[in-house]
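Please read the notes below with the sequence and the model open beside you. Each numbered point takes up one topic.

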Amino acid sequence: TGIGLVDASSTNGAGGVLDIFYPEWKMKIATHETLFLMTCQLWREAYCHEGESLNDLLHISSAGKEKLENMQFKWHPFGRFDCSKGFMYIDRIGY
């Protein structure tokens, strides 16, 4: 297999990284503005993004148990994030 890997590497296998790139259709989806805006909207609605703590959500319970149960799924331990900013991660294969 080592001989076959040389052809997939821009460094002829010396760098330990294969140049396997995403097909064009995947890149079009990943860079499509409308799809990204839809993803941003989902992040804004689905996650606590203003640094809310689980305690903050427990204080909401005074607004009613239903509201608390609807909010708890939004909490995550990663803190504040900007829902309008995303990053594309494209993998390369190292060997």
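1. K28 counts as exposed, with 53% relative accessibility, where exposed means over 50% relative accessible area, buried under 20%, and partly exposed in between (1.4 Å probe, protein chains only). The side chains of K28 and E24 meet in a salt bridge with an N to O distance of 3.5 Å; the term stands for a side-chain nitrogen of Lys or Arg within 4 Å of a carboxyl oxygen of Asp or Glu. Because K28 and E24 are 4 residues apart in helix α2, about one helical turn separates them. The structure holds 1 salt bridge. Side chains of opposite charge can pair when their charged atoms come close.

2. A word on the basis of these values: this is a predicted model, in which local features need pLDDT of at least 70 and side-chain atom pairs count only at pLDDT 80 or more, while totals for chains, interfaces and linings use all residues. Residues are numbered from 1 along each chain as its sequence is written, and side-chain values use heavy atoms, with hydrogens and water left out.

3. The protein chain has 5 helices and 2 strands, which are DSSP runs numbered from the N terminus (helices are H or I, at least four residues; strands are E, at least two). Along the sequence these elements follow the pattern α-β-α-α-α-α-β. Of the 95 residues in the protein chain, 14% are buried.

4. Which residues form the nonpolar patch on the surface? They are W25, I29, L35 and M38, which together have about 420 Å² of accessible area, a value from the Shrake-Rupley method with a 1.4 Å probe, where for residues only the protein chains shown count as cover. Patches are made of residues with over 30% relative accessible area and no salt bridge, with like charges joined within 9 Å and nonpolar side chains (Val, Leu, Ile, Met, Phe, Trp, Tyr) within 5 Å. Both α2 (24-30) and α3 (33-46) supply at least two residues each to the patch. M38, found in helix α3, is partly exposed, with a relative accessible area of 45%.

5. The structure holds 2 aromatic pairs. The ring centres of F36 and W43 are 6.1 Å apart and their planes stand at 85°, so this pair is edge-to-face. Rings of Phe, Tyr and Trp (its six-membered ring) pair if their centres lie within 6.5 Å, and planes under 30 degrees apart count as stacked, over 60 as edge-to-face and the rest as tilted. F36 is partly exposed at 28% relative accessibility, and W43 is partly exposed at 26%. Y47 and F81 also form an edge-to-face pair, with 6.4 Å from centre to centre and 70° between the planes. This pair links distant parts of the chain, 34 residues apart, with Y47 in the loop between α3 and α4 (54-59) and F81 in the loop between α5 (65-72) and β2 (93-94).

6. Please look with care at K74, placed in the loop between α5 and β2. K74 is buried yet has no salt bridge, and the nearest side chain of opposite charge, E45, is 5.1 Å away; here Lys and Arg count as positive and Asp and Glu as negative, while His and the chain ends are not counted. A polar atom of the K74 side chain does lie 3.1 Å from the backbone oxygen of E45.

7. H49 lies in the loop between α3 and α4 and counts as buried, at 16% relative accessibility.

How values were computed:
Polar contact = N/O pair within 3.5 Å; in protein donor to acceptor, adjacent residues only side chain to side chain.
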